[in-house]
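The following paragraphs lead through selected features of the model shown below.

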2 protein chains.
Amino acid sequence: MSFFPTALENLIDQFAALPGIGKKSAQRLAFYVLSQPDEAAQRFADAITDAKRNVHCCRVCQNLTDEEVCSICRSERREKGQICVVSEPRDVLSIERGREYNGTYHVLHGALSPMNHVGPDDIRIKELLVRVAENDVEEVIMATNPDTEGEATAMYIARLLKPFNVKVTRLAYGIPVGSNLEFADDATLNRAIEGRTEM
Amino acid sequence: MSFFPTALENLIDQFAALPGIGKKSAQRLAFYVLSQPDEAAQRFADAITDAKRNVHCCRVCQNLTDEEVCSICRSERREKGQICVVSEPRDVLSIERGREYNGTYHVLHGALSPMNHVGPDDIRIKELLVRVAENDVEEVIMATNPDTEGEATAMYIARLLKPFNVKVTRLAYGIPVGSNLEFADDATLNRAIEGRTEM
C-alpha cells in the first residue's frame, strides 16, 4: 500500500537503495529533506550532480580527484618510487590518517571476487602494470583488505609484477585478519606499514 | 584535513547533515553515489528536486500530497466527522497500517516544545481550529506521541477545542508511554484507538 504521493515514494525508494539504509530510515531521510527549505534541498540535489560531474579518477593513480592528476601524484614531496595499492578511495584516507607513508597510491576500485563476477579486467590492474612498466618504481606495497578477496587480489597482482623486477611487499599482519581496512586504528595501520614483508 | 575533491567533500557533508548519518556513513553513501552510473545519480538528484517541488500539504488536513486535497480527504468512504490529530505525516501511515480507523486526519507537523522554541504558531493548530469551526465535526482524536511534548500538545489543543462543543478523545494507553508512535505495532495501535478516553 502506498499512502505517500508518488514523488515522495520515489525519493524514499532512492534513499532505500543506498547501502545500509532500510525502508524506515529512508522515510525519515525523505521527510527530513522535505522539511528543509527549498534552497537546502536544491543544494543537496546539486551536490549529487556536481560530485558526479566533477569527480573522476586521477590519470595516474586512479584515486578520485577533480583535476586531471590528483594532489598526491602532483606533490614533489612524495616518493614516486613507492606505490601503495589499495582497493577503494577511502583506504587512501585511512593510510593518510597515519601520517607516516610518504609514497604514492594506486586505487584498484574493487578486489577480485569470482563469486561476484569481478575479474582482473573489472578493476584497475592494467593501469598499475602500465605505470610500473613506464616509470622508475622501486616498490609496490599491496594494501588491499586482509580478507579473502583482498589477499587473492594481492597475490594475483604480485604474480603479474614478477617480470618487472620490482620489490612487492604486503602490509604486515598488524591489521586484524578478516576485518576491513577502513576501520583499522592509526597505530595499527602504521605498524602494518612498518612491518611489511616481501612476497 | 581534506583528501577528497571539493565536490565530493560537499556531497559527504550533505549526507552527514541528514539525521542519524555520521561522517563515516556519509562517506560510504557518497562513494556509493559516485560509483553509480550517471543516470542513476541524476535520478537521485531529480527525486529530491521533484519531491520538494511537487509534494506539499493538503489544504484540508495538512498531510503531504501532490494534489490540492489529499486522497483521504477526498474519499467518500471516510467519515468526515472524525479527525485524528497526529504530529507527523509518518504517523498517518502508522495508523492506516492498522486498517481500523476510517475517519480523517490532521497533521500538526510537530509538537509543542518550549525547549526547542516550538510554540502554538509553529505547528498547524490554527488550521485545525478553523476546520472544526467551519465543518460538522463530531470527534477529534488526539493521537500525538505519548511523550511529554505530545501530551502537552494534546492538552493544549483539547483546551482550545472546548468552546466548539466537540468530543475530544485521546488514544488509550495501550501504546507504551515514552516511546514513539512510529514504532508501535498494529495490534497495540488498534487497541489504543478502540480504548480512547474523553478528555
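The buried residues of α7(B) pack against β3 (79-86), α6 (125-134), β5 (139-142) and β6 (167-170) of chain B. Here buried means under 20% relative accessible area, exposed over 50%, and partly exposed in between, with a 1.4 Å probe and protein chains only; contact means heavy atoms within 4.5 Å. Helices (H or I, at least four residues) and strands (E, at least two) are DSSP runs, numbered from the N terminus. This is a predicted model, in which local features need pLDDT of at least 70 and side-chain atom pairs count only at pLDDT 80 or more, while totals for chains, interfaces and linings use all residues. Residues are numbered from 1 along each chain as its sequence is written, chains are lettered from A and ligands numbered from 1 in the order in which they are written, and side-chain values use heavy atoms, with hydrogens and water left out.

The buried residues in α7(B) are B:Gly150, B:Thr153, B:Ala154, B:Ile157, B:Ala158 and B:Leu161. Seen down the helix axis, they fall within an arc of 130°, so they line one face of α7(B); the arc is that of the directions from the axis to the C-beta atoms. An α-helix has 3.6 residues a turn, so residues three or four places apart point the same way. The face turned away from the buried side of α7(B) carries the exposed residues B:Thr148, B:Met155 and B:Arg159.

Elsewhere in chain B, B:His106 lies in strand β4 (residues 103-107). This histidine counts as buried because its relative accessibility is 0%. Its side chain and that of B:Arg131 are joined by a polar contact of 3.3 Å; such a contact is a pair of N or O atoms within 3.5 Å, and within protein one must be able to donate a hydrogen and the other to accept it, residues adjacent in sequence counting only if both atoms are side-chain atoms. Leaving aside residues up to four places away in sequence, B:His106 also touches others, including B:Val60, B:Ile83 and B:Leu128.

B:His117, by contrast, is found in the loop between β4 and α6 of chain B. B:His117 is exposed because its relative accessible area is 68%. Although it is not a glycine, B:His117 has a positive phi of about 60°. In chain A, the loop between β4 (103-107) and α6 (125-134) holds A:His109, whose phi is near 60°, also a positive value in a residue other than glycine. A:His109 counts as partly exposed, at 22% relative accessibility.
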